[in-house]
Amino acid sequence: MAITTTTLLNRTRPAMPEPGRRGFLMGSALGATAALASLASFSHAAQGAPARRMPVVFIGHGTPMNAIADNAFTRRLSAWGRELPRPSAILSVSAHWLSRGATGVTVQERPKTIHDFGGFPQALFDVEYPAPGHPLLAREAIGVVKQTPVIATEQWGLDHGTWSVLKHLYPKADIPVFQLSIDYDKPAAFHYAVGRDLAALRDQGVLVMGSGNVVHNLRATDRGTADGPKASRPWAQSFDDAVKSALAGRDDRALVGYEKLEGASTAVATPDHYFPFLYALGAAGASERAKTVYEGFQSGTLSMRCLQFG
């Protein structure tokens, strides 16, 4: 039976690396991808996209409850949104859309708000983030990625890694948003390289956003610990400090080879939340230094580090 884009989507992996639900793509659809990639030759710049090169951001999103919380982190996101130049669209690479053996991009006009979690108050499930999509720029993303074929899909939407932070950055939900999946079968260097490909979209007014956490191990958090500038466990602080130090010197090689950094085996027990950081790092120019927008910890060991390049 021929493999189609539809059959590739919304499969579930039996054993997830962390509690929660994520979407998965299986296999590849080279024929469909090639046809869609041909559409990417249409230049959005000709449609009046902003001439200014957009920054790249990485956001440590933490618990979904941040979507409806009023705390130092969410207040900083709100202020940050007012500081950033207004993008023509946002490309989000979220820790909560993983794929297997393929990379997907959402191309729908009106992406749905996905409540991909359980055990939280009803108020969180009631949140909607009705931002439009941007099919044209999403299809251009297919063309700019050279590392791997990319599959267009309408069977995902905006997961909480995306909307829980955009709700504070851009509360009016009036900026188009589309997502790119993370092929979980690929190594760290692949994700960094795809990020480098995505940098081309910055000149078309696209804000490239990675959303995860550089330190994320839900089985080793200290629940009930107050938010603070320092971690409650030495391994979490050591790894966060090592990332900060490598960023200061733009030692991208060390950050891609994160397993060698101090505390990595516990801080990045599974790389799903670290990989979005590599997309942002790759999309940043080699001469662009990382600006720390927010740093601190939630639940003792979740690094909420937020960064801006450019």
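**A walk through a predicted fold**

Among the contacts in the protein that join residues at least 6 apart in sequence, 82% link residues at least 24 apart, where a contact means heavy atoms within 4.5 Å. The model is a predicted one, in which local features need a pLDDT of at least 70 and side-chain atom pairs count only at pLDDT 80 or more, while totals for chains, interfaces and linings use all residues. Residues are numbered from 1 along each chain as its sequence is written, and side-chain values use heavy atoms, with hydrogens and water left out.

The protein has 11 helices and 12 strands, which are DSSP runs numbered from the N terminus (H or I over at least four residues for helices, E over at least two for strands). Of its 310 residues, 60% count as buried, a word that stands for under 20% relative accessible area, with exposed meaning over 50% and partly exposed lying in between (1.4 Å probe, protein chains only). The protein exposes about 12200 Å², and carbon and sulfur atoms supply 54% of that area.

On the α7 side the contact is made by Ala188, Phe190, His191, Tyr192, Val194, Gly195, Arg196 and Leu198, and on the α11 side by Phe275, Leu278, Tyr279, Leu281, Gly282 and Ala283. These residues divide into 10 nonpolar, 3 polar and 1 charged, with Ala, Val, Leu, Ile, Met, Phe, Trp, Tyr, Cys and Pro counted as nonpolar, Asp, Glu, Lys and Arg as charged, and the others, Gly among them, as polar. Because 9 of the 11 residues of α7 are buried, this helix is largely enclosed by the rest of the structure; its buried residues include Ala193 and Asp197.

A second pair is formed by α3 (residues 72-83) and α6 (residues 160-169), which pack at an angle of about 65 degrees with their axes 7 Å apart. Here Thr74, Leu77, Ser78, Trp80 and Gly81 of α3 meet Val165, His168 and Leu169 of α6, and the residues of this contact divide into 4 nonpolar, 4 polar and no charged. Helix α6 is mostly covered, with 9 of its 10 residues buried, among them Trp163 and Leu166. The cover over the buried residues of α6 includes α3, α4 (122-125) and the strands β1 (56-60), β2 (89-94), β6 (177-179) and β8 (206-212).

The loops complete the tour. Pro171 sits in the loop between α6 and β6, and at 61% relative accessibility it counts as exposed; its C-alpha atom is separated by 8.2 Å from that of Ser78, although the two residues are 93 apart along the chain. Arg250, by contrast, lies in the loop between α8 (234-248) and α9 (252-256) and counts as buried at 10% relative accessibility. The phi of Arg250 is near 45 degrees, a positive value in a residue other than glycine. Ser299, in the loop between β10 (297-298) and β11 (302-303), likewise has a positive phi, near 50 degrees.

Key
Accessible areas come from the Shrake-Rupley method with a 1.4 Å probe; for residues, only the protein chains shown count as cover. Axes are lines fitted to C-alpha atoms, for helices over the stretch in contact, and angles run from 0 to 180 degrees between N-to-C directions.
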